[in-house]
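Dear colleague,

Please find the structure below, handed over for your review. My notes on what was found in it follow directly after.

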Protein chains: 2
Amino acid sequence: MCSEVSETAARELAPIAHHRRIPVGQVIHSEHQGLGSLAIIVSGVVKLVKAQRDGRLQIVGLQYAADFVGHPYAAKSSLIAEATTHLELCCFSRSAFETLMRNHPTLEQALYRRALNDLETAREWMFLLGRKTAREKVASLLVSIATRINRPLGGVGATAGKMALQFDLPLSRNEIADALGLTIETVSREMRSLKLAGVVSTAGRRSVTVLNPDLLRTIAEGDLD
Amino acid sequence: MCSEVSETAARELAPIAHHRRIPVGQVIHSEHQGLGSLAIIVSGVVKLVKAQRDGRLQIVGLQYAADFVGHPYAAKSSLIAEATTHLELCCFSRSAFETLMRNHPTLEQALYRRALNDLETAREWMFLLGRKTAREKVASLLVSIATRINRPLGGVGATAGKMALQFDLPLSRNEIADALGLTIETVSREMRSLKLAGVVSTAGRRSVTVLNPDLLRTIAEGDLD
DNA sequence: CGGCTTATTGACGTTGCTCAAACATGGTGG
DNA sequence: CCACCATGTTTGAGCAACGTCAATAAGCCG
């Protein structure tokens, strides 16, 4: 499950874990009422949202299967973690997990690497938010989701790097807008424009098929309009 | 120096450290030629920049005195770290440092906490980039710099939380624009607007005096225009 | 099929960008 | 010490990308 952790640690991890099913829209962690627990995602997608009193939202992270939600030792995080799809979690009590961490440097290190990974992802996203056009933003998100959505728990195996050609969006238009720093109308228009350009096609509200992956990636990187 | 690390670790750290002085504009780390070393900033400011082939830039992090530059175990970071002011560094060879880390869980944990801190900062910045107006962005950056610029190596002591009322910007207008996802002209106009509103005053290109800290903070948080 | 939510589309407005010109600033050499 | 220059900054006018508001259409569930 936690594939990069040593055998012995994994064996000690198992007993303190418990499985949970979470419906769409449920809050996992929040500023004021954290579940107090840490979790690994078995299936589904979690959004990390930063909110302001006036209602402005920004999604600052998406976590997929095999990702960790919640940070040990973390102070107040001022983040809301919410299920954007139906969710299966593998939860650990915070205290039990932190105790275990102290005895297993491997585990500690694995978490550290995850944090560095999240940091790298966040900084990539900062570039997108600050410097990309609406069209590039939408294309980038599609690439990012297509690359991650079907990667199973097993680890960084076969499907790594390759993107799914067909998948279901784990986000509503509203959530896409909040992830990209756009409005829902602009997202809609750019999606249409990508469809007209023959880059993607859609069916229903959520299903997306990437017809031209190379072109989509090129647009996402801004090498083309 | 590394104030949150245990005494014994600090004593082992000292011999492998060496001091360096860096002029403005020098690259500390980059995608292709990393110095291979890690460093703690003694004085000065480092910007972390993400660049695209077409010349677009986004500053994704600022590191001040007492901050760490470079991540142990990190893969390729695709980041450029550059001195925005004259700099004094306390450098460690990557390998020596990583060896030391393995023997001192305290050190490992300190680095982990730093990474979580950077992550929190990055996500705060994502909100700014995605959802704040130009005016709020400029005000936010001024608050952020004013809060951090004069915090000495000693740690999170007296000056924590309080912001300096007068300070020198560690960034040029161009760098400010690249940090905020704006153009230099917009930065200039918003600075003027803040001056006209009596919130700040400036002298020369770099010196800033905050005349009304509460108002500046209010503007930064978007509770007001 | 009916009703509700979510998404699309269109017309229009505004913020921030582009291009261009004038202006400080701070360093250098006379 | 001052004039001069290079560079960085400010300011202005016009424009484009994206946001706002409002109406319509498509999905989805009972």
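A polar backbone atom of A:Ala134 lies 2.9 Å from a phosphate oxygen of DNA strand D, a polar contact being a pair of N or O atoms within 3.5 Å, where within protein one must be able to donate a hydrogen and the other to accept it, and residues adjacent in sequence count only if both atoms are side-chain atoms. The side chain of B:Arg173 places an N or O atom 2.7 Å from a phosphate oxygen of DNA strand D, whereas that of A:Arg205 has an N or O atom 3.1 Å from a base nitrogen.

This is a predicted model, in which local features need pLDDT of at least 70 and side-chain atom pairs count only at pLDDT 80 or more, while totals for chains, interfaces and linings use all residues. Residues are numbered from 1 along each chain as its sequence is written, chains are lettered from A and ligands numbered from 1 in the order in which they are written, and side-chain values use heavy atoms, leaving out hydrogens and water.

Around DNA strand D there are 18 residues, each with a heavy atom within 4 Å of the strand. Among those that come nearest are A:Thr186 and B:Arg192. Sugar and phosphate make up 64% of the atoms of DNA strand D that come within 4 Å of the protein.

Turning to the two protein chains, 51 residues of chain B are in contact with 51 residues of chain A, contact meaning heavy atoms within 4.5 Å. Ten salt bridges are counted between chain B and chain A (a side-chain nitrogen of Lys or Arg within 4 Å of a carboxyl oxygen of Asp or Glu). A:Lys50 forms a salt bridge with B:Glu120, with the closest N and O atoms 3.5 Å apart.

With kind regards
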